[in-house]
Amino acid sequence: MEEGPFVTVNGVVRPLRGTAPPVTALDWLRGIGLTGAKEGCAEGECGACSVLLARPAAEGGGTTEWAATNACLLPAAALAGQEVVTAEGLTVGEWGGSADLHPVQRELAERGGSQCGYCTPGFVCSMAAEYYRAGRDTFDLHALSGNLCRCTGYRPIVDAARALREPAPDDALALRRHHAAPVPTTHASPGFLRPADLAEALAALAETGARAVAGATDVGVESNLRGDRSDLLVAIDRLAELRGFAVDERGVEVGAALTLTEVERRLAGRVPLLDEVVVQFASRLIRNAATIGGNLGTASPVGDLAPALLALEAELVLVSLDSGRVVEREVALVDYFTGYRATVRRPGELIARVRIPLSPPAPGTVTAFHKIAKRRFDDISSAAIAWSLDVSDGVVTRAAIGLGGVAATPLRARASEEALVGCAWQQSALREVARVLAAEGTPMDDHRASAAYRSAMLGQSLLRLHHHATRPAA
Amino acid sequence: MSTPLARRPAGAEVGTARAHEAATLHVTGRALYTDDVAQRTHGVLHAHPVTTSAPHGLVTRLDTKPALDVPGVVRVLTGDDVPGVNDAGTKHDEPLFPTEVMFHGHAVAWVLAEDLESARLGAAAVEVDVEPLPAVLTVAEAIEQDAYQGAHLRLERGDVAAGFAAATRTFSGVTEMAGQEHFYLETHASLARVDDDGQLFVQCSTQHPTETQEIVAHVLGLDSHQVTVQCLRMGGGFGGKEMQPHGFAAVAALGATLTGRPVRVRLTRAQDMALTGKRHGFHASWRVGFDDNDRITALEATLTSDGGWSLDLSEPVLSRALCHIDNAYYLPHVRIDGRVAQTNKTSQTAFRGFGGPQGMLVIEDLLGRCAPLLGIDPADLRRRNLYTEGQPTPYGQRVRQAERLERAWQQVVESGEVARRRGEIAAANAADPHTKRGLAITPVKFGISFNFTAFNQAGALVHVYKDGSVLINHGGTEMGQGLHTKMLQVAATTLGVPLTRVRLAPTRTDKVPNTSATAASSGADLNGAAVKDACEQILERLTPVRARLGHHVPWEELVAAAYLDRIQLWAAGFYRTEGLSWDASTMTGEPFKYFAYGVAAAEVSVDGFTGSYTVDRVDIVHDVGDSLSPLVDLGQIEGGFVQGLGWLTLEDLRWDVSDGPGRGRLTTASASTYKLPSLSELPADLRVALLERAGEDGVVYGSKAVGEPPLMLALSVREALRDAVGAFGVPGVAVELASPATPEAVWWAIERVRGER
């Protein structure tokens, strides 16, 4: 038997070699002849590279789910110990006629769901992931929000998705879900380390040239598009210390390495504002990989999570190594951002957890997330406005407003909050505050939107919030 | 033996709804594309461009030595290596290795290395000095500086002055529209190797293998018979692989020749977007006259396209734009001027519709703006001006089958319950100040044939093997449009054999030579007729054998007997479209075999807080003749419509036009910055019907071309947005709407109409 590491691809255990970054999982799979997955954009936007990974069920509980992910972003070395299924592997038995096609493949093929076929293997995998989602009653089309097709116009793809039934009782991938997920192999290979615990990770990250990687939805893009290279990628996505989830009367504590999908499923509606954000956050493919810690760690001024977490007055727990000991410190999110993609996080320091205060639901609480973008699914915000208000007896008594896309950092709209508290909850009175809000931040002109539009959208957001909050239910 | 081209036998395979012939390969990941072959090829060298970052300038120094010090780098290709002609195009204005940088990112050399990472590092190590020159980046700048390229075109019929004299109302305006990135999911890819005796074999993702072959040959100083180009299939083309692949194929071929190793050129998405041409943006200024009955009396306009740095296909694109400014409307007196601006941007090229959409947008924009000023419902204004049978187009060709326009319009109005919905929309708009709905109906008339008559020819090669199985080659390429599916159905129909007996081989220049591009929606018309011709030749030779064995002899026995009789069981088919004429100097003639028609009604809802909107329902009736392959045609209609929707509402090409260091850079050169329609843009309710009683005489099995025309059905969405925006203001106001009508553009349009209140 050869030395490890190994990866299971379409049910076959294979040695994992030639994986030094920047080699991606997609490069590696194509290199072993599995060329079904394609590179369409190399930044996780088109989904042509989608493959299935066996991962711990997002809800928790110790079972497995098949999560679709962008193979173009994932470092190949991160596959060690994992189980991957590609479009080729979904076909049952030997390659033959259409009788062997997976139900997802058959529906797509027969309904005209492929034209040029280039995006198709990726759609197949994204669709299969949803097909195997535990407890699925209807097909959630958001499962396909990270896959682009330039030929069909999507109608036959949607029809194919909606035609899917339950997996057969003897479906091997369906049965696989009932067992524990594979544990990625801790190992060091050229340019890559999967450490055994947080202390080992922090020690490795203390070296110059080392970089933390979790879902790689940022690291992968920077590597593929900008040619950014690190001496060592340190995989932190499966560190138990970063994957906790706890709820008590004060709030929720979310491990930084939980993916957005995991955060969504585990919050299970406890924080309505975040539910509003998550469905508009990138695509299912990205949410299956991107972590809450990574989204705050990258500190993008246009990230969608930060404005919401600002409005929720979240706090971060940062961890670092001090004389070989893991130490923690806490910082309010509002104090965390210091400049364009700059934060108080020190070199070698990681976000461990995010604390979100929970207040008991009150009748006068209004929360909302307004994302301004060109496209409805999977677009980057031109501006984002997150609202958390209390309205009592027709007057605003508390206001927390988080803004994205209108300054070098995500920010709290302090002047507007001040103007809002004590203001009557009426269009006429709010118009004045809307003008204050429209003057917040320092928006820019760029390819996404003009500065003038961004400012206008801030002001409109308040009027829209009021309109929707006070409109009689349909 | 030859039967009328359009006559369809009983029980024909054509007309049966079939999935794409490669659908099983697609869904299982087994379909191979050019770069998948590279993965399976031993010893491949990887190519990476050496790019520059000035929008315009002279290369004063190019030092490739530092690249050779990068481990893994094998060779750097420069202009000095070219044994033939240093030109990637057909007009000698596109040097493959330029000494004058013409746009931001222009590649001046290519690095070959053992792996892509080494090639990338090698390219970064090459030292290039560029002495900057002034750059022109917008059409407005080009007009101001008189920076044009190619021919000035004029399309004229009647007496415009008399037409305006007869008008009771005249309006003038300017209409501008952006271009569009093709965003085929498969970026440009070529793989070249040298076979024995110096024969080059180039696999290329190309819509025009013959021209790829010719350009590889002229770059390398070879004859065409020394170069074979094969296109397995493309992961989308949309016109973007008609002219643009040639240079990349030539780089791969040159590299293979110089190193003796297979060379792969495959662009990343960022390179593809930054380096290759797109749909032309247009600027149009117009003046139009209407009579008392709201009929157009005269139109004059000047169309200026943004051609980018070289001509490429800009002249024929402009020509088609001029020939489609009438869309479906009769223009009694007309004069249209057309010019191609030269700008320091990618060289804009063919894109589904080929100028037609831009021409049609001008008149739809004009009608949409003028209707409120005339005090008429835009739908009535449009319908009133539709062509009637036999009226002449601006280029003189008489419009045939105009009743189809009327019939399709009527069907859309009735099946779409337009009258009822109009009432509902009016009531909803009156009740809700913050959300407005809009509905619009627009027609499409699109001329089918290459404007350039000579391109309207095609060839095919059909083999019948001794076991009765059939193999087809034809000159067309498969890019997802279902051409191969249709060709299989045509062959099965003509030969009278089951579809399963027929197989299609990849498109190769050594099988069928001198082919035209698979373009202009003409692939099935031209190649289908050529396939049918080849099949009929074989059938004719089989006639005596069949007569001897009896009419019910099974196909396999017939073929086996014919072989023993020494009958030739393969044939080369050929077709040319008859009856076409075109005088490019006067822009008159009969350039089109026929017109394809369609009508769409679109309904939208617009949010007054943000300008964001949804497309709630679309009803389409489209004319595909007697469909060769209904599932394929439905896919072309829906897919074309959504692609048009993307162009008109979402896809937003932005260049850095500042004077900063990034001047000339495409700032939307990635999938994260350039957004094409995703699932969320699919209309909530999309209903497509094929026009009935639509057989087309003189075309293979009565069918019509379908690739391009449906794209322009999306103009209905743009006009519906205009309708909804107008509802935020008072009646009688012309609504100006930018193209693309992004949420931001719609927001500003709303603000303007609110301001007029």
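Hi everyone, let me start with one residue. B:Asp197 sits in the loop of chain B that runs between β9 (189-194) and β10 (200-204). Please keep in mind throughout that this is a predicted model. The phi angle of B:Asp197 is near 65 degrees, which is a positive value in a residue other than glycine. Is B:Asp197 buried or exposed? Its relative accessibility is 75%, so B:Asp197 counts as exposed.

B:Asn327 is not a glycine either, and its phi is about 40 degrees. You will find B:Asn327 in the loop between α10 (314-323) and β15 (333-341) of chain B. Here the relative accessible area is 0%, so B:Asn327 is buried.

While we are on backbone geometry, there are cis peptide bonds to look at too. In chain A, the bond from A:Pro21 to A:Pro22 is cis, with omega near 15 degrees. A:Pro22 belongs to the loop between β2 (12-15) and α1 (25-31) of chain A. In chain B, a cis bond links B:Ser739 to B:Pro740, with omega at about 10 degrees. B:Pro740 is in the loop that connects α19 (715-726) and α20 of chain B.

Now, the interface. How much area do chain B and chain A bury between them? The figure is about 5,900 Å², with 57% of it on carbon and sulfur atoms. In contact terms, 73 residues of chain B meet 73 residues of chain A. Between the two chains there are 10 salt bridges. Polar contacts across the interface come to 33 residue pairs, both partners being at pLDDT 80 or more. On chain B, the elements that give two or more residues to this side are α1 (23-28), α2 (34-39), α4 (116-125), β25 (613-622), α18 (630-649) and α20 (743-755). Which of them gives the most? That is α18(B), with eight residues. By class, this side of chain B has 27 nonpolar, 28 polar and 18 charged residues. As for a particular salt bridge, B:Asp35 pairs with A:Arg30 through their side chains, at 3.9 Å from N to O.

Let me zoom in on one arginine. A:Arg150 is in the loop between α4 (120-131) and α5 (155-163) of chain A. With 5% relative accessibility, A:Arg150 counts as buried. What does its side chain reach in chain B? There is a polar contact with the side chain of B:Glu651, at 2.7 Å. A polar atom of the A:Arg150 side chain also lies 2.8 Å from the backbone oxygen of B:His182. Beyond its sequence neighbours within four places, A:Arg150 is in contact with a set of chain B residues, including B:Phe183, B:Phe238, B:Phe351 and B:Pro677.

Since I mentioned α4(A), here is a quick check on that helix. At 1.5 Å a residue, its 12 residues should span 16 Å, and the end C-alpha atoms are 16 Å apart, which agrees.

Last topic: salt bridges. Over all chains, the structure holds 91 of them. One joins B:Asp365 and B:Arg718, with the closest N and O atoms 3.0 Å apart. This pair links distant parts of the chain, since B:Asp365 is in helix α11 (residues 356-374) and B:Arg718 is in helix α19, 353 residues apart. Both ends are hidden: B:Asp365 is buried at 1% relative accessible area, and B:Arg718 counts as buried at 0%.

B:Glu751 and B:Arg754 form a salt bridge at 3.1 Å, N to O. Both lie in helix α20 of chain B, three residues apart, about one turn of the helix. Why does that spacing matter? An α-helix has 3.6 residues a turn, so residues three or four places apart point the same way. B:Glu751 is partly exposed, at 32% relative accessible area, and B:Arg754 counts as partly exposed at 23%.

And to finish, a network: salt bridges with shared partners join B:Glu364, B:Asp365, B:Arg369, B:Arg382, B:Arg718, B:Glu719, B:Arg722 and B:Glu736.

Notes. Residues are numbered from 1 along each chain as its sequence is written. Chains are lettered from A and ligands numbered from 1 in the order in which they are written. This is a predicted model: local features need pLDDT of at least 70, side-chain atom pairs count only at pLDDT 80 or more; totals for chains, interfaces and linings use all residues. Side-chain values use heavy atoms; hydrogens and water are left out. Helices (H or I, at least four residues) and strands (E, at least two) are DSSP runs, numbered from the N terminus. Buried means under 20% relative accessible area, exposed over 50%, partly exposed in between (1.4 Å probe, protein chains only). A polar contact is a pair of N or O atoms within 3.5 Å; within protein, one must be able to donate a hydrogen and the other to accept it, and residues adjacent in sequence count only if both atoms are side-chain atoms. Contact means heavy atoms within 4.5 Å. Buried area is the accessible area (1.4 Å probe) that two parts lose on being put together, summed over both. A salt bridge is a side-chain nitrogen of Lys or Arg within 4 Å of a carboxyl oxygen of Asp or Glu. Ala, Val, Leu, Ile, Met, Phe, Trp, Tyr, Cys and Pro count as nonpolar, Asp, Glu, Lys and Arg as charged, and the others, Gly among them, as polar. The expected span of a helix is 1.5 Å times one less than its number of residues.
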